[in-house]
Amino acid sequence: MKKILFINTVSGFSSTGNLVGELTKIDGYESLVCYGRKKDYLNVNSYRFTNIFDNIFGALGTILFDNNLDICRIATRRLIKKIKKYNPDIINIHNLHGYYVNVGMLFKFLKEYGKPVVLTLHDAWTMTGYCPHFDGIGCDKYQTGCKDCKYPFAYPFSLFKQNVENDYEDKEYVFNLLDNLTIVTPSKWLADMARLSILKNNKIKTIHNGINIEEFKISKPKNDKFTVLAVASIWTKQKGLDDINKLIPLLDKDIQVIVVGENSNQIKGCKTISRTSNKQELIDLYSSSHVLINTTYQETFGLVNVEANACGTPVITYKTGGSPETIDEKSGMVVEKGDYEAMAKLINNMKIVYPFNEDEIINNAKRFDKKYMLQQYKELFDRLS
C-alpha cells in the first residue's frame, strides 16, 4: 500500500487539522500525520516532532526577530529523520506557519529527497513577506515584492517586522526549489492570487473544501421570529465585528440577530453565544435561522456559508476572497465588501418577501460534499505517486 505523509501545525484540531484528518481516510493509502503542536485524539496515525521548548523558542524567534523561516532546527531534523524512516510516496504539506518548523531546511531536504510534494494553502502566507491575509487591507505588494508592510499585527506576529523584504525573497527561493511541487488551493480566488505571486511557476490546482452533507442537514424548523445568524470562530475587525455593530441598528425592530463566536459579547443589540457546546447546536442554529450573514474582510473559502446552505439557510456575504464561490443565485446574495447598509436592506426585504427555496439552497451545498473533495485529492495523489 502506498504511503502519504502529512505535515501541519496541528493534528485533528481546528479547520486545518480536521481537514488533514479527513485526508488520512482516503482509500488505498497508509497515512502518517506529522505535526508541531496541539492534538485532538482522533483515530489517526500521528507523530509530534516538536516539544514545548521548540514551540516557545520558535514563537520567540518570530515575535522578537521575525525569524519565522529559520526556527526549530532541532525539531525539523526530527521531522526529516521521520520522513526518511516512514519513506512516503507523497508528502502533503498544509500550514507551515505556527512556530514549529524550519521551512528552508525542510524544503532543501525535500529537493534532495525527490518525492512528489503537494502544498495545500489555507491562506496567503506562502506568497507574502509577512502576513497570511492581504485581501482585507487591499494590498497587492505580494505580486511584485513585499516591503513597508501595511499589516503590522498580523499572525504570525512579529514585534519589529524588520525582515519583510528578506522573507519575501527567501520564500520566493524556497517555494521554487522543487520540480515536483503541486499547489492546492481551496478556492479559485486563491488560485488566481497564487498565479500572480511567487508561486506562479508551480502547478496550481483548486480543490474546494468539503463538508459532511449527511451531518449538516435541516434539524429544526425556522424560528417564528425572523432570525439573522452570524458565525465566526473569533470576532475581530477583519471578521466584520465593527460592521455587525453598525448593521444591527439598521434592521427592522422585530428581526432577531444571533451572533456566535468568541468576542461576540462586543456586539450589541443581539443574542450572543461565545461558543456552541457541540456541532449539533450549531446545526440547529443554522437550520432555525432565516439567513446567515458573512461580513468577513478576509476569507480564502467560506465553509460556514456551505454549512448554512446544507441546513437550508441562504447566505448574504461580502464580496471577499473565495466566499462568493460558495453560493449561487438560488442560495444566497453577494454585496460589496463593507457595504453593511446594502446587507441590512436585503435582510429587511427578505423578511417581507423570502426569495429562496430550501431544496435549491441544499442542492447548492451538495456541490461541496466532502466525498467530492476526497475524490479529487485521491485522483491527484494517484496521478503523482
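**View 1. Where helix H3 meets helix H4 in this predicted model.** On the H3 side, the contact is made by Arg 73, Thr 76, Arg 77, Leu 79, Ile 80, Ile 83 and Lys 84, and they meet Met 105, Leu 106, Phe 109 and Tyr 113 of H4. Sorted by class, that gives seven nonpolar, one polar and three charged residues.

**View 2. How H3 and H4 pack.** Here's the geometry of the pair: H3 (residues 73–86) and H4 (residues 103–113) sit with their axes 10 Å apart, at an angle of about 25°. Angles under 35 degrees count as roughly parallel, so that's what we call H3 relative to H4. The crossing itself is right-handed.

**View 3. The largest nonpolar core.** This one takes in 55 residues, and Ile 93, Leu 96, Leu 106, Phe 107 and Met 127 have the most contacts inside it.

**View 4. Zooming in on Ile 93.** Leaving out residues up to four places away in sequence, Ile 93 touches Ile 7, Leu 106, Phe 107, Leu 110, Val 117, Val 118, Leu 119 and Thr 120.

**View 5. Asn 209, a buried loop residue.** Asn 209 belongs to the loop that links strand S7 (203–206) and strand S8 (227–234). Its relative accessibility is 18%, so Asn 209 counts as buried, the cut-off being under 20%. With residues up to four places away in sequence set aside, Asn 209 touches Leu 19, Pro 186, Phe 301, Leu 303, Phe 368 and Met 373.

How values were computed: Residues are numbered from 1 along each chain as its sequence is written. This is a predicted model: local features need pLDDT of at least 70, side-chain atom pairs count only at pLDDT 80 or more; totals for chains, interfaces and linings use all residues. Side-chain values use heavy atoms; hydrogens and water are left out. Helices (H or I, at least four residues) and strands (E, at least two) are DSSP runs, numbered from the N terminus. Buried means under 20% relative accessible area, exposed over 50%, partly exposed in between (1.4 Å probe, protein chains only). Contact means heavy atoms within 4.5 Å. Axes are lines fitted to C-alpha atoms, for helices over the stretch in contact, and angles run from 0 to 180 degrees between N-to-C directions. Angles under 35 degrees count as roughly parallel, over 145 as roughly antiparallel, 65 to 115 as roughly perpendicular and the rest as oblique. A crossing is left-handed if the near helix is turned anticlockwise from the far one by less than a right angle, and right-handed if clockwise. Ala, Val, Leu, Ile, Met, Phe, Trp, Tyr, Cys and Pro count as nonpolar, Asp, Glu, Lys and Arg as charged, and the others, Gly among them, as polar. A nonpolar core is a set of buried Ala, Val, Leu, Ile, Met, Phe, Trp, Tyr and Cys residues joined through side-chain atoms within 4.5 Å.
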